[in-house]
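Hello,

Please find the structure below. My notes on it follow, and they begin with the terms used.

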Amino acid sequence: MLIRRATAEDRSAIWSIIAPVIRAGETYTLDRDMSEAEALSYWLAPDKESFVAEDDGAILGTYYIRANQAGGGAHVCNCGYMTAAAASGRGVARAMCDHSLAVARDRGFRAMQFNFVVSTNERAVRLWEAMGFSIVGRLPGAFAHPQRGDVDALVMHRRL
């Protein structure tokens, strides 16, 4: 699997991955009705460095990395990951996380933090824990899940 920086030519493939995740409203705090332009503007914003995971020419996942905060918090990065539904279970998220950890170190970050992991996203929580992240905070009822009602959100952290 090749993971590379996203280009303008990848916009359509990125949209095909992030649209179903956004529309489902189960794992991200993004407006479920946001337009394609709004979603791509968010994912590919200038404050983020975006990547795609590609296998045999097909884009299977995408992630971004950015400083989690400005100033005194700029040494901690934050990432967002999305995988195509058809690629679920193929190690795409793990490969993107591995890649993002290397990118973070190369960019001089000293830690990575996920600010809002929906607790019902159990596969992601298990993966992040397997990748060395710890749950350092719990936000009770912070996410309005479309089927399960208000569920907790987790803050996860890992030193680099």
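Axes are lines fitted to C-alpha atoms, for helices over the stretch in contact, and angles run from 0 to 180 degrees between N-to-C directions. Helices (H or I, at least four residues) and strands (E, at least two) are DSSP runs, numbered from the N terminus. This is a predicted model: local features need pLDDT of at least 70, side-chain atom pairs count only at pLDDT 80 or more, and totals for chains, interfaces and linings use all residues. Residues are numbered from 1 along each chain as its sequence is written, and side-chain values use heavy atoms, with hydrogens and water left out.

**The helix pair**

Two packed helices are described by the angle between their axes and the distance between the axes. Here the pair is H1 (residues 11–24) and H2 (residues 36–43). They pack at an angle of about 100 degrees, and their axes are 10 Å apart. That makes H1 roughly perpendicular to H2. (Angles under 35 degrees count as roughly parallel, over 145 as roughly antiparallel, 65 to 115 as roughly perpendicular and the rest as oblique.)

Which residues make the contact? From H1 come Arg-11, Ile-14, Trp-15, Ile-18 and Ile-22. From H2 come Glu-36, Ala-39, Leu-40 and Trp-43. Contact means heavy atoms within 4.5 Å. By class, the contact residues are seven nonpolar, no polar and two charged. (Ala, Val, Leu, Ile, Met, Phe, Trp, Tyr, Cys and Pro count as nonpolar; Asp, Glu, Lys and Arg as charged; the others, Gly among them, as polar.)

Ala-39, Leu-40 and Trp-43 of H2 are buried. They cover an arc of only 95 degrees around the axis, which puts them on the same side of H2. The arc is that of the directions from the helix axis to the C-beta atoms. Buried means under 20% relative accessible area, exposed over 50%, partly exposed in between (1.4 Å probe, protein chains only). What covers the buried residues of H2? The cover includes H1, S2, S3 and S4.

**The sheet**

The sheet is open and has seven strands. Their order is S1-S2-S3-S4-S5-S7-S6, with mixed pairing. S1 (2–5) and S6 (134–145) stand at the edges. Each has a single partner strand, so one side of each is left without a neighbour in the sheet. The twist averages 25 degrees from one strand to the next. Two strands pair if DSSP finds at least two bridges between them.

Now the pairs:

- S1 and S2 are antiparallel over four bridges. Arg-5 has Phe-51 in S2 as its bridge partner.
- S2 (residues 49–55) and S3 are antiparallel over seven bridges. Ala-53 is partnered by Gly-61 in S3. Val-52 is partnered by Thr-62 in S3.
- S3 and S4 (residues 76–83) run antiparallel, joined by seven bridges. Arg-66 stands opposite Asn-78 in S4.
- S5 (residues 111–118) and S7 (residues 149–159) run antiparallel, joined by six bridges. Met-112 stands opposite Arg-158 in S7.

In S3 (residues 58–67), seven of the ten residues are buried, so S3 is largely enclosed by the rest of the structure. In S2, six of the seven residues are buried, so S2 is also largely enclosed by the rest of the structure.

**Helices on the sheet**

H1 lies across S2, S3 and S4. H1 runs at about 75 degrees to S3. H2 packs on the sheet and touches S2, S3 and S4. The direction of H2 makes about 55 degrees with that of S3.

**Two single residues**

Asp-56 lies in the loop between S2 and S3. S2 and S3 form a hairpin with two residues between them. Asp-56 is not a glycine, yet it has a positive phi of about 50 degrees. Is Asp-56 buried or exposed? Asp-56 is exposed, with a relative accessible area of 81%.

Ala-124 is in helix H4 (residues 122–130). Ala-124 is buried, with a relative accessible area of 14%. Ala-124 and Tyr-81 are 43 residues apart in sequence. In space they are 9.8 Å apart, C-alpha to C-alpha.

Best regards
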